[in-house]
Each structure stands twice: as C-alpha cells, then as structure tokens.
Amino acid sequence: MADIVKQIIARPIQLADQIIKETDFACSYKQDCADIKSKTEKLTTLLRQAARSSNELYERPTRRIIDDTEQVLDRTLQLVIKCRANGLSRLYTFIPKGSVKKQSNQIENSVGDVSWLLRVSTPANERDDEYVGLPPIAANEPILCLVWEQIAILCCGTVEDRADAAASLVSLARDNDRYGRLIIEEGGVPPLLKLAKEGRMEGQESAIRAIGLLGRDAESVEQIVNAGVCPVFSKILKEGHMKVQIVVAWAVSELAANYPPCKEGFLQCNTIRLLVSHLAYETIEEHSKYTIKSSKNKMESLHAVYMAKSDHGAKNGHNNDDTSHVARPGDIDTRPSDLETRPGDLDTVGLHHVVTMNSPSHSQQRREKSRRRVALAGGSIKGREFEDPATKTEMKAMAARALWHLCADHFPICKTITESRALLCFTVLLEKGEDEVKYNSAMALMEITAVAESHTDLRRSAFKPTSPTSREVVDKLLKIINKGESDLLIPSIQSIGNLARTFRATETRIIPPLVRLLDERENEVSAQAAIALIKFACTDNYLHVNHCKAILEAKAPKYLIQLTYFGEQMAQIPALILLCYIALHVPDSETLAQEDVHIVLQWALKQGHLMQDSQLETLVLEAKQRLEIYQDQSRA
C-alpha cells in the first residue's frame, strides 16, 4: 500500500514544484499567479506529508483525491505557462477572463481535500478532538465521503471509535441499497471483518450486522464471501459471546438467502454443525447431559490419578502438607473438545429423551450442575448457561433461521443436518419453542423435506417409516394440521406433501386432515392442501391408487368441485389437477359418478384461463376419456 501511494503522489508533487517555478516568470495576472504560488506551496507541503504517511492512508479516497488534484495541477500549470507570454506572443495568447481565479480556487479545494485525507487517516487519539468534517470533493457526493470517513476510522481508530463507525455503517446500509453497495466498493468489508474478529462485543455486533445488511444481492454477497466471511463467522459461532453469535446466525441466514453458492463455504467451515449445536443446547436433554457426564468423568479420572499418586507418595514416606490434597487449576485439562458437546456427538442421542423444560426440579438440578461444569470448563463454553432465557430463545430462533436458509435446495447440508439430531430439535421446538422459534423450525423442516422429495438417498435415510425421529416429525406436523389455525399450518402442509412418497398404504391418518383443509376459507390453505394431495395421487407416487382411494373415502371430490368452479385461480388449478388424477387412477369410483365429475372436466376444457397450460389440457382430456370409458353417459 505504501509503495502504491508514493507512486500516485509522485507526479502531483512534480507538477506542483513546476507551477511554483513558473509563477515567478508570470507577465500577466501577476497577483493571481502569486496567489496560486502561495496555495500550491501549501499543497506541496501536504502532498509530501501524505507521501511520508503513506502507510496510514486509506487507499480508496487517496486515489480519488490525488487523481483529482493531479488534474487540477495539470490545468493550472498550462494556465501559468500562458501567463509567461510577453511581447508579440502575448497578443496571440488567449487567457479566458476569470480562469486564473478559478484555478486558484481549485487549488484551494485540493488543499482542503488533501488536508481532510491526512486528518481522516490519523488515529482519533492524535487529532486533539478536531472535527474532521467533509472535504470540498464531497460537494457533489457527500455520502461517499461519509463512507470514506467511517471506513478510515475502522482501519485506524480506537476500539470505541471503530464500534461507532460500524454502527454508522449499519445505519447507512439499512437506509439505502446504494449506500450498501458503496460501502462494499470502497473496501468496507475487510475492516468490518477485522472488527468482528477482534473488537469488543458491541463493536462485533455492529460489524456483523453491517455485513448482514450489506449482503442484499448476489453480487454483494459474493464479494463478502471472497473477503473471508465464512471462517470468521464459524469461529465466532464456536468461541464468541452468545449475543454476538445471535447476530452471526442472522447474518448467515441473510447471506445464504441472497446468494445460495455461499452455502458451500459455510459447510466447509463447519458452520452447520455449530448451528445445530446451538439449536440442541437445552433442547435435547442429552446435549447438556453429555456435557455434564463428560466433565464428571474427566474429573473422576483425574481424581483417581491424583489419589493414586498420593497413595504412592505416602507409601514411599513422602511428607505432604494439606495443600497437596487440593486440585490445582493447572492439573485439569479443560479443553473445549472434551467438555463441550460437539454436534457430531448428538448422533448417538436416543429419541426418547426430551427435555421437560417446565420442570422446576429439573431446572434447579441443571443450574447446579452447570455451576460445577463452568468451574471445570472455564471460558470454553462462554458462560452460556448463565445467559438469560430471552437471549437463549433468540439464539435458537436465529440458529433455526440460519439452518432454514442454508438447507434450502442444498443436499449436502440437508444430509449433514439429518445426520445430526437437528430433526429431533426442530420437532421439540415446534411444540415447546417461542413463536419465532416455531416458525423458523417449521420452515427448516419444509426445506429439508423438499430436498428429500427429490433425493431418494436422503428420503430413505432420514424419513424412513421405521425411524423414530421421522415418526415424531410427522406426528408434530399432523398435530399442527389438525388444529388448522397457525402460522405454521402452510409449511406443515408443504412438509407432509414433500414426504408423500415415504408413507405406506396402511398409513391412514395423513390424508383425512389434508382433505378437511380443502374446505378452508383461506384460498392459500386450500391450494396448499390440494398441492400436497396431488403428491399422493400423482403417477410418480408408487402407491397412487391406494392414496386416491383414501382421498375418495375422505369425500374430497365435493370440495374439489367447489374449488374448481368457484375458487380463486391459485386454488382452482391444483383442485382441477387433483380431480384429474383421481379420475385417472380410480375411474370406476361410484363417488365420481355421483358427483358428475366428467361434467366438471368438460366445463374446465372450455375455460381459456385454465387451459393455457398444454400439459394441464392433456391431463384433463385423458381424465375425461377415462371416466367416459367406465361410467354411464346416461347420467349426463
């Protein structure tokens, strides 16, 4: 950086020196040329000071200001040379009126710009509380200079000043997308990441929040990822304070949602496992139980070794005072890997152990054990046992939100999640979590099941009918669907639909609740219920005939006919498609004959807004022909 700055400053210094020499020979506008000389001398001094301070200068404004200064000096030199003309040559030299004064003012502006550059690049504790202000170059673009100032403080300010600068960038990024792109273009991401790694908690939160706000589009997130955000966030999720980890989890969700390719980087940095660990903490009893057991076993083994040594010493006649019987901190290995629950260790957890979160005796026992565990583990778990319940709840909500966006359309991440105990965590939180935790958990399950729908390996490993976890997931989703009134209803319907190919023919409790939702007042709910049932009835489902018969037994045709005739288009088309599949697979059904379904299909063929899709038109024709073969036309 220092060499680059010296190179770009060298030419302006040469131009300034030449201007100073030429002004001594001016024959016209002598007073104005003297004024230019005075200002150029001041500018030269500042430029040489900038060259000496090249290590401290912020590159982006340095390039812009020095380039502008060079252009001003170049024009000034040409004008001063014209002022040297005398005799006959003066008659043929045209100098516009006011041009010399104008160049003098521009030199003065350059002095202000370079002075601002030096001040803003000086650490705050060396400025004597001098207000930096905005340079003349900011007249047309004040926000740019404000961004420069804040980034410069991030680069060379004190810890407190850097935290304030990060908070200012948060405000700018939140207000306007253009400002966010400007912060990235002007090199704001690397100093923000540095503050996230090294700053105090308040500064870390602001820096991470700024990064999350900056990642509003794919191009911006790509630049943030290239700057090294993935390992920084992963380290904070492993070692940081929980309040900082909350903001990291939120930022991860924002980056993953806006730029899916970044998910691979988070997967490689072990971010998924760390988020699952946060989700499992105090959600599944084995998580805390494992930690306590590990600490206890380690203490017992160390105590046994110590007693063995003591006994050995006593037998050999060594005199030990009372303090020799007290375990020293240095004698205990408190590495986090031994004392904390690792996400991978959750794979051995059984389904039947679920936290009784409302039990006072359990909570009191856990707090007592936590105190002993903290005494052993020191700072390895960052005191998360002592965080207030609201912070823990928010951590779970953001961890679930991050996992929701990370697993969307990403098979390896879904595989990693299902191989851990995250599915069980989501199931527990669907019932016992706060509203935001429940919603994010439901959305995460929806994305995981959507990936499982298109990946046979994931479907067979994570959602096989004999899996206790899979049964627990389905039970909780059906419970939400049966209640029918919740923000969780639509993601739960979608999850059940995504799992349509995992259910056996003997599973009779799935379809009736979905059929009842076809009679829902909200068209979106009816539409999603119809779409879910289509996945049971379509030809791709091996048990489509069995499922179609179950749908008929649940009296779905009357609801589907009403939706086809009177529903909004979002529900009308799925209802028609489902009706067609039922007619194709169970054409001899007496229910279809009684409900005059073939008349409904004949009416649908005449509706232009329904027949815009050629595939749907073909499906309706096939279903109508199939019904005509098996049913008596005299009923028409």
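In this predicted model, the largest nonpolar core takes in 187 residues, and the members that touch the most others are Ile9, Phe233, Phe426, Ile496 and Leu518. Helix H13, spanning residues 242-258, is the biggest giver here, putting 11 residues into this core. As a rule, nonpolar side chains in soluble globular proteins tend to end up buried together.

Ile496 is a handy place to look at the packing. Leaving aside residues up to four places away in sequence, Ile496 touches Val474, Leu477, Leu478, Ile481, Phe503, Ile510, Leu514 and Phe536. Two of those neighbours, Phe503 and Phe536, come up again among the ring pairs.

Turning to the aromatics, the structure holds 5 aromatic pairs. Trp404 and Tyr439 make one with ring centres 6.0 Å apart and planes at 85°, so this one goes down as edge-to-face. Trp404 sits in helix H19 (residues 389-407) and Tyr439 in helix H22 (residues 435-454), so the pair ties together parts that are 35 residues apart in sequence. Trp404 is buried, at 12% relative accessible area, whereas Tyr439 is partly exposed at 32%.

Phe503 and Phe536 meet at another angle: their ring centres are 5.9 Å apart with planes at 10°, so they count as stacked. Elsewhere, ring pairs link Tyr565, Phe566 and Trp603 into a cluster.

Then there are the charged side chains. Side chains of opposite charge can pair when their charged atoms come close, and a search of the whole structure turns up 20 salt bridges. In one of them, Asp24 and Lys37 meet with N and O 2.7 Å apart. Asp24 lies in the loop between helix H1 (2-23) and helix H2 (30-52), and Lys37 lies in helix H2, so the bridge ties together parts that are 13 residues apart in sequence. Asp24 is partly exposed at 49% relative accessibility, and Lys37 is partly exposed too, at 23%.

Arg509 bridges to Glu507, with the closest N and O atoms 2.9 Å apart. Arg509 has 35% relative accessibility and counts as partly exposed, as does Glu507 with 26%. Glu628 and Lys624 pair at 2.5 Å, N to O. These two are 4 residues apart in helix H33 (residues 614-630), so about one helical turn separates them. Glu628 is partly exposed at 34%, but Lys624 counts as buried at 16%. Salt bridges with shared partners also join Glu431, Glu472, Lys476 and Lys479 into one network.

What about disulfides? A search of the whole structure comes back with 0. For Cys155, the closest cysteine sulfur is that of Cys156, and at 6.6 Å it is too far for a bond. Cys155 is partly exposed, with 47% relative accessibility. Cys538 is in no disulfide either, the nearest cysteine sulfur being that of Cys548, 8.9 Å away. Cys538 itself is buried, with a relative accessible area of 13%.

Note on methods:
Residues numbered from 1 in each chain as written. Predicted model: local features only at pLDDT ≥ 70, side-chain atom pairs only at ≥ 80, totals over all residues. Heavy atoms only, no water. Phe/Tyr/Trp six-rings, centres within 6.5 Å; stacked < 30°, edge-to-face > 60°. Buried < 20%, exposed > 50% of the residue type's maximum accessible area, 1.4 Å probe, protein only. Disulfide = S-S within 2.5 Å. Core = buried A, V, L, I, M, F, W, Y, C linked by side-chain atoms within 4.5 Å. Contact = heavy atoms within 4.5 Å. Salt bridge = Lys/Arg side-chain N within 4 Å of Asp/Glu carboxyl O.
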